[in-house]
Amino acid sequence: MKITDRLQKLRGEMAGREVDAILISQPENRYYLSGFTGSAGCLLITAEKAVLATDFRYVEQVKEQSPEYEIYQIKGDLADWFPEVTSGLSLKKLGIEAGQVTYSMFRQMSDIISKAKLPMKLVPLEGTVEGLRAIKEPEEIELIARAVEISDSAFGHIEGIIRAGMTEKEVAWELEKYLRENGSEKIPFDVIVAAGPNAALPHARPSERRIGEGEPVLMDLGARVEGYASDLSRTIVVGQPDDRFKKVYDTVLGGQLTALAIIQEGMTGEEADRLARTVIEEAGYGDAFGHALGHGVGLAAHEAPRLGPGSTETIKNGMVFSIEPGVYLPGWGGVRIEDLVTMENGKIRVMTRAGKE
Ligand code: ZN
């Protein structure tokens, strides 16, 4: 991991947003910029300095994981350490993570600033580090590819053992166990296994429902390798699929293959989404595809970019994202087919290998 390169890119962003420092505490952003894997700590980054403030539990760890950072050991609460860490830096505009800083923390910081009569203004920033994270380095793509391999093989494993009469929970646990026993760290999100009508809920929780013959079984799972997630959805039938399933499945697959073939660098998230959505609308299922086509995947299972209606984000080389159209019919079930892809030389390269035909 090239922390110095990332810090340099961040400093470019800071200049563009006219802040002279940025305070980072969102866990994935903190890890991305420092390599520090502890669960508590704050980064303060200026044009020249990089300070990692954490408590005594993590001091030794920071020395090892984040040699690019000066360590500040937090002893008291915010009112003690915040003025101390920022003192002498003559900061005028301090960027904070709008999506992470709570209202109570914002109020405390404002109080501290006004009591100490610091000439500092807090500037809420959206998506600054997330924008950097969206473009992956080759090493990051390699880790995601390893996570993809684990979830692909978990799906292959379950295809071999799933049968009518198993409960959704049993299948979900079998998947989770396989993921963990085959190289995944703590899985990035709860495994979804939804059979029959339950599959009409895009984010169903596995229940005690037993899988019946001929009904759709939707599975959504991911692995994690050195912090990086994968995300995979497949829908199968135990026994013989009926005509309705075949029609819905072919529609979703058609939408997905169209998107995979046509998406290219420079498109917006909305344009990418439209490709699959048009196919699904033309088959008469437009209203049944109620979520976005895809999302970025990396240190978080859901991150930038968003490929969906209204998304103006531009798709760029180095991005890794999911392509996951779905059709959900209340009372019957649903179908979702999700692959993970990366943009390479202007075109999509599919990373997922789990079968879908
Ligand atoms: Zn997904």
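Which residues does Ile22 touch, not counting residues up to four places away in sequence? In this predicted model, local features need pLDDT of at least 70 and side-chain atom pairs count only at pLDDT 80 or more, whereas totals for chains, interfaces and linings use all residues. Residues are numbered from 1 along each chain as its sequence is written, and side-chain values use heavy atoms, with hydrogens and water left out.

Ile22 is placed in strand β1; helices (H or I, at least four residues) and strands (E, at least two) are DSSP runs, numbered from the N terminus. With residues up to four places away in sequence not counted, Ile22 touches Leu10, Met14, Leu43, Leu44, Ile45, Leu94, Gly95, Leu125 and Thr128, contact being defined as heavy atoms within 4.5 Å. The relative accessible area of Ile22 is 2%, so this residue is buried. Buried denotes under 20% relative accessible area, exposed over 50%, and partly exposed in between (1.4 Å probe, protein chains only). Ile22 and Leu10 are 12 residues apart in sequence, and their C-alpha atoms are 9.2 Å apart in space.

Two packed helices are described by the angle between their axes and the distance between the axes. Helix α1 (residues 3-16) packs with helix α2 (residues 27-34) at an angle of about 115 degrees, and the axes are 7 Å apart. Axes are lines fitted to C-alpha atoms, for helices over the stretch in contact, and angles run from 0 to 180 degrees between N-to-C directions. Helix α1 contributes Ile3, Arg6, Leu7 and Leu10 to the contact, and α2 contributes Tyr32, Leu33 and Ser34. Classified by residue type, this contact of α1 with α2 has five nonpolar, one polar and one charged residues. In this classification Ala, Val, Leu, Ile, Met, Phe, Trp, Tyr, Cys and Pro count as nonpolar, Asp, Glu, Lys and Arg as charged, and the others, Gly among them, as polar.

Helix α2 is mostly covered, with six of its eight residues buried, namely Asn29, Arg30, Tyr31, Tyr32, Leu33 and Ser34. Gly35, which follows α2, has a positive phi near 80 degrees. Ser25 lies in the loop between β1 (21-24) and α2. At a relative accessible area of 14%, Ser25 is buried, and Ser25 touches Arg30, Gly41, Cys42, Glu97 and Gln100, not counting residues up to four places away in sequence. Gly38 occupies the loop between α2 and β2 (42-46) and counts as buried at 8% relative accessibility. Under the exclusion of residues up to four places away in sequence, Gly38 touches Arg30, Tyr58, Gln61 and Gln65. The C-alpha atoms of Gly38 and Pro27 are separated by 8.7 Å, with the two residues 11 residues apart along the chain.

The domain assignment of the protein chain gives domain 1 (3-133) and domain 2 (135-350); such bounds come from an automatic or database domain assignment. The C-alpha centres of the two domains lie 35 Å apart, and eight residues from domain 1 and 10 residues from domain 2 take part in the contact. About 750 Å² is buried between domain 1 and domain 2, and carbon and sulfur atoms give 40% of this area. Buried area is the accessible area (1.4 Å probe) that two parts lose on being put together, summed over both. Of the area that domain 1 buries against domain 2, Arg6, Tyr31 and Arg133 supply 58%, more than any other three residues.

The largest nonpolar core has 61 residues, of which Leu33, Ile45, Tyr69, Ile162, Val171, Leu175 and Met219 touch the most other members. A nonpolar core is a set of buried Ala, Val, Leu, Ile, Met, Phe, Trp, Tyr and Cys residues joined through side-chain atoms within 4.5 Å. Helix α7 (residues 138-161) gives the largest share of this core, nine residues. Because domain 1 (3-133) and domain 2 (135-350) both give residues to this core, it lies between them. Another core, of 32 residues, lies apart from it and includes Leu253, Phe289, Phe321 and Val341.

Ser90, in the loop between α4 (78-86) and β5 (93-97), has a positive phi of about 40 degrees although it is not a glycine. The peptide bond from Ala304 to Pro305 is cis, with omega near 0 degrees, and Pro305 is found in strand β13 (residues 303-307).
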